[in-house]
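Biologist: I would like to learn how to read a model like this one. Can we go through it step by step?

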Amino acid sequence: MKMIVTGGAGFIGSNFIFYMRRVHPEHELVCVDKLTYAGNMETLAPILGQPRFTFVRADIADRKAMYDLFEAERPDVVVNFAAESHVDRSIEDPAVFLQTNVMGTQVLLDACRRYGVERYHQVSTDEVYGDLPLDRPDLFFTEKTPLRASSPYSASKASADLLCGAYHRTYGMPITISRCSNNYGPYQFPEKLIPLMIANALEDKPLPVYGEGLNVRDWLYVEDHCAAIDLILEKGRVGQVYNIGGHNEMHNIDIVKTVLHILDKPESLIAHVTDRKGHDMRYAIDPSFIHGELGWLPQTKFADGIQKTVRWYLDNRDWWEKIVSGEYRDYYERMYAGR
Ligand code: NAD
Ligand code: DAU
């Protein structure tokens, strides 16, 4: 089986490639990535040159490049992780989010249709449902929750989901969609909450918590997300949306304190800064559908996953220190100066 994995040089895509190599070593994987600021070839270095793995640097929104690639590779399955993924960047500059997340998805869908791909899987997010109030812990996102995106990022992801649904209904294309909650684990770019807090704490820099830090996210260890996608590819129903989440809701401030505690750093490093515009209050997935239909359950408890994650950033300082010292420094100054 030959699978194109887009965005495989990023956080979840690379973890998915490593997962698939372990669990299905017989699959042939073609990783397509534009290598934006978030794509890192060092992550993929251990498998470059190995049999049944190819890396192609290309933009998913480049129609000719995608058609040429599909013509040459004739994939059976396409899993689309490629995206602009950071909410704060989308608030600064939405255009590239529409270009990659919406137009890129459309190009991939057209390529899949043209070359008769057997399955297209869209990696989406719980953010397409908007947010839930803090005072209604009884409410959860189900697959039937209406789309109500808040940020340019989530609006672009919701638009891509709608396109996938339309291509399934109109052209009968074999599409599945998964909407996952917040992931954490190795190889996450240090602009996202957990790796940013680990990196800053290790450098004794302030930990910028937006507002009071009372917003709630539902954290899932990245490998559990990869296992869910694998299961959907194998046993999922075409045309179906699957919500993926771990019933692991936590306030941001508690995540930050946990990181400080593991690293034995003082809470005085916490700095409350101006809130994110339009900041979603709470995300919470009801994962009962994927559990009931496919038997998926998360395997990693947060207490273990966060220890493993902090350990990984301690053991792989080279990986993230290069990032933090490079172009990301300019982004950091822009995003947090005077906040
Ligand atoms: P990431 O930003 O770490 O990686 C994105 C990757 O896509 C990078 O390697 C980048 O170079 C590549 N890319 C960007 N634009 C491209 C283009 N035009 N053509 C080809 N490649 C391009 O993102 P991530 O956190 O790994 O997220 C992966 C997917 O999972 C995204 O679709 C995101 O919406 C979704 N998702 C993420 C989370 C999370 O918590 N991180 C949760 C649910 C869903
Ligand atoms: O829910 C899934 C989504 O999770 C994915 O679709 C996105 O791609 C992914 O980036 C993530 O979005 P969030 O906005 O929830 O993640 P982020 O790590 O940016 O922020 C998590 C929470 O922490 C959020 O409430 C904002 C807050 N935060 C974030 C940063 C970067 C801070 O308080 N301080 C920070 O410096």
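Biologist: Which element gives the largest share of the shell around ligand 1?

Modeller: This is a predicted model, where local features need pLDDT of at least 70, side-chain atom pairs count only at pLDDT 80 or more, and totals for chains, interfaces and linings use all residues. Residues are numbered from 1 along each chain as its sequence is written, chains are lettered from A and ligands numbered from 1 in the order written, and side-chain values use heavy atoms, without hydrogens and water. Strands (E, at least two residues) and helices (H or I, at least four) are DSSP runs, numbered from the N terminus. Here S5 gives the largest share, three residues.

Biologist: Which residues come nearest to ligand 1?

Modeller: A residue is near if one of its heavy atoms lies within 4 Å. Of the 28 residues around ligand 1, Ile12, Asp33, Ser85, Tyr153 and Lys157 come nearest.

Biologist: Where does a nitrogen atom of ligand 1 meet a polar backbone atom?

Modeller: At Lys34, 3.0 Å away. The protein covers 97% of the 840 Å² of accessible area that ligand 1 has on its own (Shrake-Rupley method, 1.4 Å probe).

Biologist: Where does H5 bend?

Modeller: A bend is the angle between axes fitted to the seven residues ending at a residue and the seven starting there. H5 bends by about 25 degrees at Gly104.

Biologist: Which residues of H5 are buried?

Modeller: Buried means under 20% relative accessible area (1.4 Å probe, protein chains only). Among them are Phe97, Thr100, Gly104 and Leu108. An α-helix has 3.6 residues a turn, so residues three or four places apart point the same way.

Notes:
A polar contact is a pair of N or O atoms within 3.5 Å; within protein, one must be able to donate a hydrogen and the other to accept it, and residues adjacent in sequence count only if both atoms are side-chain atoms. Buried means under 20% relative accessible area, exposed over 50%, partly exposed in between (1.4 Å probe, protein chains only).
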